[in-house]
Amino acid sequence: MQPYPESVPLPSADKRWKLVEATMRRHGYKASALIEVLHTVQESFGYLDDTSLRFVASSLRIPISKVFGVATYYHFFSMKPPGEHTCVVCLGTGCYVKGSGELMKMIEREAHICAGETTPDGKLSLVAARCIGSCSLAPAVVIDGEVIPRAQANAVQEQLRRWIGHDSR
Amino acid sequence: MPEISHYQVKTLTIDGKEVCASEHQTILEVARENNIDIPTLCYFNGLNGVGACRLCLVEVKGNNKLLPACVTQAQEGMEVTAHSPQLHEYRKLIIELLLTERSHVCAVCVSSGHCELQSLAQKLGVNHVTLPYLHEQCKADGSHRHFVADHNRCVLCTRCMRVCDEIEGAHTWDITGRGIRSRMITDMGEPWGDSETCTNCGKCVSVCPVGALVEKGKAVAEMTKPNFLPYLIQMRGKGQ
Amino acid sequence: MTLDELQEIAESEREAQKKITHRINVSVAAGCLSLHSDVVFNILHEEVKKRGMEESCKVKAVGCMGLCAAGPLVRSEPQHTYYRGLPPDSPEVLSAIVDSINGRPVPEFALSPEIPFFAAQKRIVLENCGEIDPERIEDYIGVGGYQSLLTCIAKRSREDVVQEIIKSGLRGRGGGGYPTGLKWSMVAKAAGEQKYVICNADEGDPGAFMDRSVLESDPHRVLEGMAIAAYAVAATKGYIYCRAEYPLAVKRLKVAIRQAEKLGLLGKRIGESDFSFEVEVRIGAGAFVCGEETALIASVEGERGVPRPRPPFPAYSGLNHCPTLLNNVETFANIVPIVRNGAEWFASIGTDKSKGTKVFALVGDVVNTGLIEVPMGMKLRDLVYSLGGGIPDNKKFKAVQTGGPSGGCIPEQFLDMGVDYESLMSAGSIMGSGGMIVMDETACMVDVAKFFMDFTRDESCGKCIPCRVGTTQLHGMLERISEGKGRMEDLDTLERLGNMVKRTALCGLGQTAPNPVSSTVRYFRDEYVQHITNKTCAQGKCPCSKAPSTAAGK
Ligand SMILES: Cc1cc2nc3c(=O)[nH]c(=O)nc-3n(C[C@H](O)[C@H](O)[C@H](O)COP(=O)(O)O)c2cc1C
Ligand code: SF4
Ligand code: SF4
Ligand code: FES
Ligand code: FES
């Protein structure tokens, strides 16, 4: 018996695969590490695609349908490349009673996309969250990783217009 | 009480009838042995139980939760109620919910007459649906050489997935998404015909309770599911 | 490290602290950080340095002080003053604060610790939050950290520790309120070579952030509680399942684990005994149902986080089919004080059946949004009006929602009820994890119910039919009512279907999903009727109020 499976060749020379491999090695290539490994893939590449899922499946010796099942079960994992900028609107209870539902609708109208989508030009991804733990500063919006406490509709709108305004014709 | 070999025999009652259970038997198994009919859908003799469809829920005295008979072990002194107006009401509602979820139009289904959903509905007396139809939109996949998968008829019992994994060892089937958006998939959700792992064994088709997985080219009347049970039990016996 | 060595570190840490005469604590928990408290920290630090006072005055990064609404928060000692809402872009103000440390506090920003928000609290779980630097283990050791663990290992039997927890009357803070000691003794007695301890830090309830604050402000407290639990039930491996939305908590936990391992307080042969306990952090991936224990275990195993029927309970067959002890963050954070001060002390706090304190997240339409810890049994009215400071803009109170998507809305007539597990249950809600969302008169209860059904429908794993299809149907019905297309019969169907889902669903998610609907139908039936018969939403929240009304309503 060999402790590790024969190593599966990396999909390409891209250095980020090394990071993915390192996570798998740290967990001894155990199937239970699947979610941790998918986190590393998403952190490194921004999303999960066919190539990465197949690579992870064969490295951890997990059926490919199962890997796909896990990846699509959890909402944190994305199967599409993210836009250049990301806007997360919290739709948790604390934020909802403080009007984040309206805020979301406003942004959807502004960007002509629905929550969970990216603008066709790849500028902006709009994401809905279920509480990010900033409920005391509701409504919370996260723009490119930075939490905007007590988000104001017009301030968010202004920011978004700077990214998508010109070519929305 | 007579001593029966070294087995630990348990006595319990189901719907007032006194019955015996051997070690590790489930309530459902004991009931069936004694000709007490408990409706089931996700259960398939020979596959691991998942307790998902909730049709087999029974009342057990002293427990304020309803328990799934298919995965609950029989215990000494249990007083089980498998049939009550309340349970009947719940079972009917479960079937009704299923009927509203996707498109179950029996008139155009090749499995009509051999469909467990259909016979459950008849048996439980679900003769009209009062809740609105949700009509979740699903694909029909005819890409496989021998079989067709029409997800509009799938009830997500996961029998196909379990038989493919536990018996065939291929694990071609799994579930993608979650909640009302759950769908059965082959491999990475590509057409079944393109699957690299499917061995064309047809076990999934044999265990599917409805018309979601069927053999190709069968006319409505011809589509009977091969009896798969003895084979499965035999296989499991070997595996353990 | 032995107990004596630990005490030495604690002693020298306290000596070092004594030299510092002035202290300016700056909250760097996520709430205040989002208001740029890191900038405030840096400026204050610079100002102190400029004055050459580093020796005697320490600007310290600490965890959450609770009053998140007024961040960035700072506390200055020995002035005994909080500062609220400090402008990170105004070095003048910050400089004035440093200048004033020996005199009167800067009045525009000062906040007395005597206001009810602070004074009416009883901080046990949160005792170190806002006091110690969460990223320095020495700080934690300085306040007596890890002494309880090493004392247990060196001087107390496993059975003795379990008994202590049983006697304390502590109940699980994750929502169910199951007696913690009983659970421990089940796992302790369960047969199995390998046992696990898992900390549930999934905190999926929207509008709740107690666990987040504890993890960000005092991670060692949770780790020590887990290690004591592991010792008591003879487990050797632990996991903390933390949701991905809490990156700062994950980071601080990882730092804390590394520090504790380095000092031999976690890992192999703790306190130079035979007891080993290793802890790993596992990160969730956005699935509310993974807070349910069997789903959480499936997720730690790398699978779809789908619940399975119980029995078997995790205490007998959990992670990798081994006996597994699973408790909530706040439950673990209660362990150290119980072991340190004794079960009697703990049992003397709170009510008859609900002992100790509870941390609540006060959010929504209330002035002092933030985190509070109060003895069990405190009146709802005091929570909302005294600590919470009442409803902003002189609006009227309508309801408080507890228990998240599994709970209900509690109307005004219950304001004088003492809050504990039983009373909330009798009012048609549950304690849940401690989120309290206050809603004023402008809230529409149909809209709120619809909001929660949308949540549970979206978060249902889809395994069982009653929850998967039932929640979708219930949501559809509420949607129609909110659009003015409801019928009176729908109210009966909501109840009939809701009851069926509660009784037949596989896991707690489905079994409680209809609660927000049933409690609002129960207490605010007239609002539903109004939507159905008048086809209008008096609060203007629902679509029907926007479309031209077809009814002849006035
Ligand atoms: C749908 C659902 C979500 C839950 N979410 C959480 C959670 O986020 N955090 C938590 O500690 N417990 C949660 N629980 C409760 C846990 O299943 C479990 O009872 C608890 O973690 C046990 O710890 P305790 O006894 O210390 O409370 C949830 C339960 C259900 C049914
Ligand atoms: S395809 Fe058939 S066997 Fe598979 S889950 Fe659907 S109904 Fe069940
Ligand atoms: S009640 Fe809902 S979340 Fe729980 S198992 Fe059933 S479908 Fe899944
Ligand atoms: S509800 Fe939005 S951050 Fe908690
Ligand atoms: S047959 Fe028991 S739950 Fe489906």
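Which backbone N or O atom lies 3.1 Å from an oxygen atom of ligand 1? In this predicted model, that atom belongs to G204(C). Let's stay with the ligand for a moment and look at what else is around it.

In K183(C), a side-chain N or O atom sits 3.0 Å from a ligand oxygen, and in T331(C) the corresponding distance is 2.7 Å. Taken alone, ligand 1 exposes 610 Å², and the protein buries 88% of that.

Now widen the view to the whole shell. Ligand 1 is surrounded by 18 residues, and the closest are G174(C), N200(C), N327(C), N328(C) and T331(C). Sorted by class, the shell holds 9 polar, 6 charged and 3 nonpolar residues. Two elements of chain C, β9 (324-328) and α22 (508-512), each give at least two residues to this shell. The largest share, 3 residues, comes from β9(C).

Next, please turn to chain B and a pair of helices. Two packed helices are described by the angle between their axes and the distance between the axes. Here, α2 (residues 85-101) and α3 (residues 116-124) of chain B have axes that come within 10 Å and cross at roughly 140°. The crossing of α2(B) past α3(B) is left-handed.

Which residues make this contact? From α2(B) come H88(B), R91(B), K92(B), I95(B), L98(B) and L99(B), while α3(B) brings L117(B), L120(B), A121(B) and L124(B). By class, the residues where α2(B) meets α3(B) are 7 nonpolar, 1 polar and 2 charged.

Key:
Residues numbered from 1 in each chain as written. Chains lettered and ligands numbered in written order. Predicted model: local features only at pLDDT ≥ 70, side-chain atom pairs only at ≥ 80, totals over all residues. Heavy atoms only, no water. Near = heavy atom within 4 Å. Polar contact = N/O pair within 3.5 Å; in protein donor to acceptor, adjacent residues only side chain to side chain. Areas by Shrake-Rupley, 256 points an atom, 1.4 Å probe, with all protein chains shown as cover. Helix = DSSP H or I, 4+ residues; strand = E, 2+ residues; numbered from the N terminus. Nonpolar A, V, L, I, M, F, W, Y, C, P; charged D, E, K, R; others polar. Axes fitted to C-alpha atoms, helices over the stretch in contact; angles between N-to-C directions. Left-handed = near helix turned anticlockwise from the far one by under 90°. Contact = heavy atoms within 4.5 Å.
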